[in-house]
Amino acid sequence: MSDNSFYGPLDDPAGNAGYPDDHPPRVGFFTDTSICIGCKACEVACKEWNMVPDDGFNLLGMSFDNTGMLGASTWRHVAFIEQARPLGEQDPGLAGRPTGPSGSEQSAHVAASAIEATPRGGGELGTTGVDLGVPKFERPGDATGAEARTSFRWLMSSDVCKHCTHAGCLDVCPTGALFRTEFGTVVVQQDICNGCGYCVSGCPYGVIDRREGDGRAWKCTLCYDRLHDGLEPACAKACPTDSIQFGPLDELRERAARRVEELHERGVPEARLYGHDPDDGVGGDGAFFLLLDEPEVYGLPPDPVVPTRDAGTMWKYAGMAASALVAAAVSSFLGRGGR
């Protein structure tokens, strides 16, 4: 990155915002897309808790995706991406799902076994199979379970505001409607927002947006009210597979690094982290992801850069240029006066 003096010490956005040294640790999200099942529980929980209005139910002609992208009325967006490539190790429910006292791995195995044992074709309901023109996939050995789906795979990912270390939306807001919390997150105060829209162009991810009929900017708050009560955000609480993990950002980064190593050892070399690096173009994200393909596949910019990153340097050069112009004007005036 270029000069960071405009922002202060890296990776302590709350401290840079003026909070005392004893402020809470920075918290955020780690989204492990390898175990996302696309259930959209996070979308529903987000809307219910934050009273985010309905944004319509349109499949958009894009698989099962009915929201399309993040926006003023979509603070969580579950992307569905179908790829014409082998499923490989990424068997839903079994791909490294975290284990714990609840025995989630055993439950996933039981569920997968039950699915494999379930008769197909609807015969028990008194119906017969219907040819819908869907291409038939190769099924070696007449297998019927999930392991037989070798022609495609789903990539699913729950996207959200990144709560950047260097937040362009926060930098350009003229009213102070956007502010940095003591947890290092970025929140919009709707009672101060004047709907100017500067923040929309200041976000390198295209997350923040103005609500139609309202005009004000809205986005994920990382459930700021819940954090004050010691509760995890609603989306993370509702996620049934722990694909969305919440906690102190430093701990999440360590956990994510171990998860990538585990997937590499299991034969998934394409697993990589996105938004975890404090030295990237936004100083690292408060919400980062484990991806199974290039960021562009998920609709994420490959190399995001906050538009205001070089603001300090630009102001310095602008000041130097203005000083030189004034000096030249004064010199010219004095020269004329001498003649």
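**Starting at a cysteine**

Before anything else, I noted that this is a predicted model. I picked Cys235 and listed its contacts, skipping neighbours within four places in sequence: Phe29, Cys42, Ala45, Arg76 and Ile244. Cys235 sits in helix α7, residues 234–238. Is Cys235 buried or exposed? I found a relative accessibility of 6%, and since buried means under 20%, Cys235 counts as buried.

**The annotated site**

Next I checked the UniProt record. Its unreviewed entry carries a "binding site" annotation on Cys46, Cys220, Cys223 and Cys235.

I found Cys223 in the loop between β7 (217–218) and α6 (224–228). Cys223 is buried too, with a relative accessible area of 6%. Leaving out residues up to four places away in sequence, Cys223 touches Trp49, Asn50, Pro233 and Ala234.

**The sheet**

I moved on to an open sheet of four strands, in the order β8-β1-β10-β9 with mixed pairing. Which strands stand at the edges? They are β8 (244–248) and β9 (272–274); each has a single partner strand, so one side of each has no neighbour in the sheet. On average, neighbouring strands here are turned by 25° against each other, direction ignored.

I followed β1 (residues 27–32) and counted five bridges to β8, with the two running antiparallel. In one of these pairings, Phe30 has Gln245 in β8 as its bridge partner. Helix α8 (residues 249–265) packs on the sheet and touches β1, β8, β9 and β10. I noted an angle of about 135° between the direction of α8 and that of β8.

**The core**

I asked how many residues the largest nonpolar core has. The count is 63, and the residues with the most contacts inside it are Phe29, Leu178, Leu290 and Leu292. Phe29 was already on my list as a contact of Cys235. I checked Leu290 as well: among the residues it touches are Phe30, Val260, Leu263 and Leu273.

**One last stop**

I ended at Asp293, in the loop between β10 (287–291) and α9 (311–338). Asp293 is buried, at 14% relative accessible area. Its side chain makes a polar contact with the side chain of Gln83, at 2.7 Å. Asp293 also touches several other residues, including Arg85, Arg153, Glu270 and Arg272.

Key
Residues numbered from 1 in each chain as written. Predicted model: local features only at pLDDT ≥ 70, side-chain atom pairs only at ≥ 80, totals over all residues. Heavy atoms only, no water. UniProt positions renumbered as here; feature names shortened; annotations may be inferred. Buried < 20%, exposed > 50% of the residue type's maximum accessible area, 1.4 Å probe, protein only. Contact = heavy atoms within 4.5 Å. Polar contact = N/O pair within 3.5 Å; in protein donor to acceptor, adjacent residues only side chain to side chain. Core = buried A, V, L, I, M, F, W, Y, C linked by side-chain atoms within 4.5 Å. Pairing = 2+ DSSP bridges. Axes fitted to C-alpha atoms, helices over the stretch in contact; angles between N-to-C directions.
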